[in-house]
Amino acid sequence: MSELAFLSPDLADARASSPLAGALRDVGGFSFRDLTLETAQIEVRGDLDGVDAIRLSPHRALVICPAQDAVAARASLAGRFFVDLSAAYAGVRIEGDQAETLMRRLTDLDLTKLPAVAKVIETPALVRRDDGAFEIFFPQEFGRYFAETLVDLAEGIA
């Protein structure tokens, strides 16, 4: 008889599979990095004063941090309503000389006003910019579709 149990993200085995695994590969002048297992995403609701996070609305924000900092991030939010969504989101980092061109094909977002929440490849996502690279976080169930479409579009540019 086998039993199933919930394992909190901070105790989960880092060798777990990502929904982007197998579909995401570098193309031409583009480099793609799977951020799914490297980052934690914690949604905070209510009073956001003093919270270092990406504002989604006046009373809702998303803390994105390295996975190893998730326990400390949750501890810093003590007394606030928050939900750890690390197991719910996948993430990808796009780098390369044509990263902005690729992003313009992926979304209608104004890339000068990031971070922002919008549709990317018809998928709800949060997009942020880090120097010349873009990071996109989206629901894991869209991972394979997102990765395959991303690579296909990149091949059309490269």
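Biologist: In which loop is E122 found?

Modeller: E122 is found in the loop between strand 7 and strand 8, where strands (DSSP runs of E, at least two residues) and helices (runs of H or I, at least four) are numbered from the N terminus. This is a predicted model, in which local features need pLDDT of at least 70 and side-chain atom pairs count only at pLDDT 80 or more, while totals for chains, interfaces and linings use all residues. Residues are numbered from 1 along each chain as its sequence is written, and side-chain values use heavy atoms, with hydrogens and water left out.

Biologist: Why does E122 count as exposed?

Modeller: Exposed means over 50% relative accessible area, buried under 20%, and partly exposed in between, with a 1.4 Å probe and protein chains only. E122 has 61% relative accessibility and therefore counts as exposed. The backbone of E122 also has a positive phi of about 60°, although E122 is not a glycine.

Biologist: What is the phi of D131, a residue other than glycine, and why is D131 called exposed?

Modeller: Phi of D131 is near 55°, again a positive value, and D131 lies in the loop between strand 8 and strand 9. The relative accessible area of D131 is 71%, so D131 is exposed.

Biologist: What makes R128 and E135 a salt bridge?

Modeller: A salt bridge asks for a side-chain nitrogen of Lys or Arg within 4 Å of a carboxyl oxygen of Asp or Glu. The closest N and O atoms of R128 and E135 are 2.6 Å apart, and the pair therefore meets that limit. R128 is partly exposed, with a relative accessible area of 23%, whereas E135 counts as buried at 7% relative accessibility. Salt bridges that share partners join R93, E95, R128, D130 and E135 into one network.

Biologist: How do you know that E100 and R104 are about one turn of the helix apart?

Modeller: E100 and R104 both lie in helix 2, which covers residues 99-106, and they are four residues apart, about one turn of the helix. Their side chains meet in a salt bridge at 2.5 Å, N to O. With relative accessible areas of 29% for E100 and 49% for R104, both residues are partly exposed.

Biologist: Why does the pair of E100 and R129 tie together parts that are apart in sequence?

Modeller: The side chains of E100 and R129 meet in a salt bridge at 2.4 Å, N to O. E100 lies in helix 2 and R129 in strand 8 (residues 123-130), so the pair ties together parts that are 29 residues apart in sequence. R129 counts as partly exposed at 33% relative accessibility.

Biologist: Which residues touch the most other members of the largest nonpolar core, and what makes it a core?

Modeller: A nonpolar core is a set of buried Ala, Val, Leu, Ile, Met, Phe, Trp, Tyr and Cys residues joined through side-chain atoms within 4.5 Å. The largest one has 29 residues, of which F32, V92, I94, L106, I136 and L150 touch the most other members. Strand 6 (89-95), helix 2, strand 7 (116-120), strand 8, strand 9 (133-139) and helix 3 (143-157) give two or more residues to this core, and helix 3 gives the most, with five residues.

Biologist: Leaving aside its neighbours within four places in sequence, what is L106 in contact with?

Modeller: Contact means heavy atoms within 4.5 Å, and on that basis L106 is in contact with I94, K119, V120, I121, I136, L150 and L153. A second, separate core of eleven residues includes L48, V51, C65 and A70.
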